[in-house]
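Please open the structure in your viewer and keep the selection panel at hand.

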Amino acid sequence: MNTTVLSKPHKLRRVFVWQLPVRVYHWLNALSILVLIATGFFIGNPLAILSGKEASDLYIMGTVRFIHFVAAYIFFFNFAFRIYWGFVGNKYAGWKNFIPTNKQFFKDMWAVIKTDIFMTKGSELHTIGHNRVAGFIYFLTFIAFGIQCLTGFGLYSATSDWWFPNLFAWVPAVVGGDFMLRQIHHWTMWFFILFTVVHVYLVFYHDYVEGRGEISSMGGGWKFIEEEIFEANKKAEEKKK
Amino acid sequence: MIIETSTKRKTYYEELTEKGYSRRDFMKFCTMIAAYMGLQSSGVAQVTEALKTKPRLPVIWMHFQECTCCSESFIRSSHPIVADIILDKLSLDYTETLMAAAGHQAEEAMHKTMKEHYGEYVLCVEGSVPLGADGVYCMIGGKSSLDILHEVAEGAKAIICWGSCASNGCVQAAKPNPTTATPIHKIIKNKPIIKVPGCPPIGEVMAGTIVHILTFGTLPALDGIGRPKAFYSKRVHDSCYRRPYYDAGLYVESFDDENAKRGYCLYKVGCKGPSTYNACGVMRWNNGVSFPIQSGHGCFGCSEESFWDNGPLYQRLPNIAGFGIEATADTVGKVALGVTAAGIAAHAVATNLRKKKMIDNLISEGKESEQELKAE
Amino acid sequence: MTRIVVDPITRIEGHLRIEAEINNGKITDAFSSGTMVRLIEEILRGRDPRDAWAFVGRVCGVCTTVHSLASIRAVEDALDITIPPNAELVRNLMFCAQNVQDHVIHFYHLHALDWVDVVSALKADPKKTSEIAQSISNWPKSSPGYFSDLQKRLTKFVESGQLGIFANGYWGHPAYKLPAEINLIGVAHYLEALEWQKEIAKVHTIFGGKNPHPNFLVGGMACSISLDDASGINAERLAYVGKLLKDAQQFVEQVYIPDLLAIAPYYLDWGAIGGGLGNFMAYGDLSTSGYRDVGNYKFPPGVILNKDLSKIHEVDLRNDSEVEEYITNSWYEYAGGDGVGLHPWKGETKLKYTGPKPPFDFLNTEDKYSYLKTPRWKGHAMEVGPLARMLVGYASGRPEFKEVVDYALSALNVPATALFSTLGRTAARGLEAKLVAGWGLEFYDQLINNIKNGDTRMANTEKFKPETWPKKAMGVGHTEAPRGALAHWIVIEDQKIANYQLVVPSTWNASPRDKEGKSSAYEAALKDTPVHDVNQPLEILRTIHSFDPCLACAVH
Ligand code: HEM
Ligand code: HEM
Ligand code: NFV
Ligand code: SF4
Ligand code: SF4
Ligand code: F3S
Ligand SMILES: [Mg+2]
């Protein structure tokens, strides 16, 4: 992690940060999670439909569940792919961005919290990929993804004959039955809701206060990085070699 | 006069023919049992053969912390021939609910079986065992249930845990579990244990479980938690005849409303069928007459672990302790969402104040560029 | 003097221990102890009052339903909920089915082996048996062939060597007095009753979804009446209930009552044994016009003191100086000390075991010796149960009660004083089953009529949501359980259960002594009971079984 006090005016370099697979992953993930939240909410607390129609003409819950499960499959394989990409992708996609492996990681996290959350004046910490706090939150998010997949497929296994969901048939026993499983699944949903709200806000925040094209980076893959930071990073890379 | 008992044992087939049942009756019974156990038609022959040749099985049935409704359910097992065999034709050598002898004579009968059929008898347990306070919360004949359980489990070939009490502690183990009620599998570790949960389990499920052991001399296939797969592998929800209403999105909103009269799904008045493994939807109760959902009340998951603490009954989600009576995960989630939104708003305002200079710089930088462009 | 212990008392529900002192072939003192506790009252604290019925239902699977019924009534009382007439009727029907079933099971499966010698039945003459059977009843299963087949089956069973539940019984004990033929009839009906009991239970399955432990609902019942839907209470379901009720009445009138009247004459000496307290109490139940309408109860409420049938005292469950529970001799402690009695709304249930550490031979009956509390009415020990109900009904001058009681007294040719006894208790239970089986059919007709008149309401859910409740509410719900007067007291605060207390029939009857050293019903009834052989406590079983003990209930 390289820090530099920035000077005005900015000289920006265009840096390719998010590879196409990461971007595709991101939006597929975002979309499927939004669908899973919406359908999950409905499954948990369906609307009152005082319809005069016959049950045979309606299949609302069935459809909602179907969408939930389709989205769940997309979500799962997309997630699995991202884990793979954490090993083969570029350095901004690597798993080291997420998983704290040394003390420096936590020190940098604290620096980010100080500047971004408590807004103490002082050195702004600028990074190219995820900042440390973001990276760590994504790490927690990935764990939550895992929990949601385990609990979701654990629940799903009882209704499926396919071998894949049945790989998860052991899950209910671990937590003491489907009831607890559903609760965990439901609680974890709230993590995603809160994450999404904060995440989207912070993305806008960074875009606004830093002006580096944060939002568009998930579209085209490019970020605009200050000359100083770019150079500092370059030096650090060379040193390593 | 106390009649001396010998150990000569008869097969079911002998018993039955002596009692005047025809071969046809016998075959009918075997077919039914095979069907219960989900066997193909070839299995019928196996059942028939087994019941024709296997001798009777001694059974000791203990009562600890319980309400005896499991015994009651057992005697409701409805296919007459099953009740007959299980009740009269099993050698039910000890069961406080029905046995003629009391006190010392009762204990004597039990010890005789424990000795003469060491390693052979099946131990049925109805009820949980309180572990704390030297076991004084359940005592029989001046001994603690804990000591009795260890003693009688010793020579048992297998243990059947009847009902939720023995399988998961049931009502007395609900919070705060003041008597330290403990299910059997947490105490006896060195014996095969079959759990037949339910409060109570369906009579025919109980009969079916025993009959499996009689027939094959092996325990029925068990799931990950130790329940016979034959009866506990499907959720109530998956075999519920109201399921089309669930899928259609048609729900009872409150008891006895128009939707209830139409027989809509009970999901929104708290039905726990979607997370409950039991045979109620398939076999129904009391010889197929009805089951909770058919009679308008949601399933409350009486065969699941800690179902008493997963209430309230009439809500899909449980309340979260410490958050007031109606606080579910959603209530907490909504509050958290509100707090987050407020935090974000505050942060946004603070950003514009504290980082005003930096933002102003960015803006002026942008404006300068704009000017430069205009100038050109 | 010999002190004997009978533990476990079998053919009851639960864990009951009797210690008795015997002098010259008679019991001179007796102690009754419940030795298993679950503390369900404590487990209820802080829970949703609407759920309480399910928890307390699990107090007992033998008298299944009665606690649930008392519970929903207590909550409805606290929240001032009036339920629709159909729900009252359905609850009454479930009451009747339960009462009759429980009594029949008690008589044949829990009590009969105290009077019927199974082994002696082997010597019966099937032809003579058939003649006797046909002379006492027109129950169809009574041919010589039927009895000889049964006898063969029984012989084979005994010869097989594995006596199962009959092993080690007191067969051949001189206190068994029945001729072999009547013993054989008893065995036949033991098996038939076993078949039948699972049929009448289906009334519960239809309205409550299952038995044991059918479902109830605060505000009414969950089973909607829906004549146009396969899943509601419709014509087919109602016809089913009607048939079950008629079959039940037939079983009681053609099997139970005739057997009772055939067996009793051989044991008339037991009409002078086991009388006990002489104080009787009933809360009453089974209204034709709603539970709140006490005046229309089929079972009238009231208290009889000292066998004085000329005066009926009133019972008020809300009055805090009437029903009180003591723990002087029970393994609990009260904040206000061991000497006080607490009305259930202020009741406490805090365990404190002070008995011997197991394994032990004897309890220390000088000190606390049971998990039952000791309830008292205005300080008096009370016997509750079918005998109490029959006496209160009789003393209230109700013609239906007079008719059956007088019929039985004249059939057995005994004076009314014979009612205060072990035999009286057992006979009262049968007579009650006869009344209740008839009433069931009356309630059934009423239900059909209501529906015919277009009333299909089954639940009142106006106050189902906790938001509609007051901040604090107190209620009491009562019923007449098979074993006697049952009531639950509830205190609701902030929509949660702040206190919940059950005072149960077997608690009244089986409790230890009170602070003045006065015995409750079991102990009092055992006094003076003869014991022929201290190693074969058959007589103790007779008197204790005549109460139909349920210890899971009593301690809860
Ligand atoms: C971010 C991801 C997800 C969210 C937010 C989510 C949310 C939810 C919610 C809120 C419920 C209702 C739970 C209740 O109230 O009882 C639900 C049900 C369910 N979800 Fe998910 N879910 C997610 C992912 C998954 C995945 C990956 C699967 C895997 C198959 C899955 C399978 C299920 C199943 C089987 C149910 C139960 C449906 C039923 O029984 O009708 N979910 N989900
Ligand atoms: C308007 C909507 C969104 C925008 C503009 C957006 C933008 C971004 C951006 C710019 C990043 C990179 C941030 C960084 O440098 O740390 C990112 C990362 C991420 N976002 Fe979003 N996001 C959106 C919605 C979502 C949603 C709904 C989710 C899922 C709940 C989500 C999950 C993630 C995750 C897991 C990452 C880390 C990606 C990785 O490195 O694999 N995003 N997002
Ligand atoms: N005593 C008692 Fe019960 C009854 N009858 C309940 O109230 O048996 Ni289990
Ligand atoms: S499992 Fe339920 S029904 Fe069976 S004994 Fe326990 S409390 Fe009673
Ligand atoms: S009533 Fe219960 S079990 Fe049946 S479909 Fe509805 S939720 Fe599922
Ligand atoms: S409550 Fe129990 S009885 Fe069956 S329908 Fe549910 S598992
Ligand atoms: Mg009590």
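Begin by selecting S7(B) and S9(B), which run parallel and are joined by 4 bridges. Strands and helices are DSSP runs numbered from the N terminus, a strand (E) having at least two residues and a helix (H or I) at least four; two strands pair if DSSP finds at least two bridges between them. Within this pair, Ile160(B) stands opposite Ile194(B) in S9(B).

Before going further, note that this is a predicted model, in which local features need pLDDT of at least 70 and side-chain atom pairs count only at pLDDT 80 or more, while totals for chains, interfaces and linings use all residues. Residues are numbered from 1 along each chain as its sequence is written, chains are lettered from A and ligands numbered from 1 in the order in which they are written, and side-chain values use heavy atoms, with hydrogens and water left out.

**The sheet of chain B**

Stay on S9(B): are its faces covered or open? Ile193(B) and Lys195(B) on one side, and Ile194(B) and Val196(B) on the other, are all buried, where buried means under 20% relative accessible area, exposed over 50% and partly exposed in between (1.4 Å probe, protein chains only). In a regular strand the side chains alternate between the two faces of the sheet.

Now widen the selection to the open sheet of 5 strands in chain B, which has the order S2-S1-S3-S7-S9 and parallel pairing. Strand S2 (91–95) and strand S9 (193–196) of chain B stand at the edges with a single partner strand each, so one side of each has no neighbour in the sheet. Neighbouring strands are turned by 20° against each other on average, direction ignored.

Next, select S1 (residues 58–63) and S3 (residues 122–126) of chain B, a parallel pair with 5 bridges. Here Ile60(B) is placed opposite Leu123(B) in S3(B).

**Where the chains meet**

Show all chains. Which two chains have the most contacts? Among the 2 pairs of chains that touch, they are chains B and C, contact meaning heavy atoms within 4.5 Å. On this interface, 107 residues of chain C are in contact with 98 residues of chain B. The two chains bury about 8600 Å² between them; buried area is the accessible area (1.4 Å probe) that two parts lose on being put together, summed over both. Select Gln162(C), Ile165(C) and Asn168(C), which supply 9% of the area that chain C buries against chain B, more than any other three residues.

Move to chains B and A, where the contact takes 50 residues from chain B and 51 residues from chain A. These chains bury about 4500 Å² between them, 60% of it on carbon and sulfur atoms. In chain B, His347(B), Arg354(B) and Lys355(B) lose the most area to chain A. No contact joins chain A and chain C.

**A strand pair in chain C**

Finally, select S8 (residues 323–326) and S11 of chain C, which pair in the antiparallel sense over 4 bridges. Glu324(C) stands opposite Arg376(C) in S11(C). Both faces of S11 (residues 374–377) are covered: Thr374(C) and Arg376(C) on one side, and Pro375(C) and Trp377(C) on the other, are all buried.

Note on methods: Axes fitted to C-alpha atoms, helices over the stretch in contact; angles between N-to-C directions.
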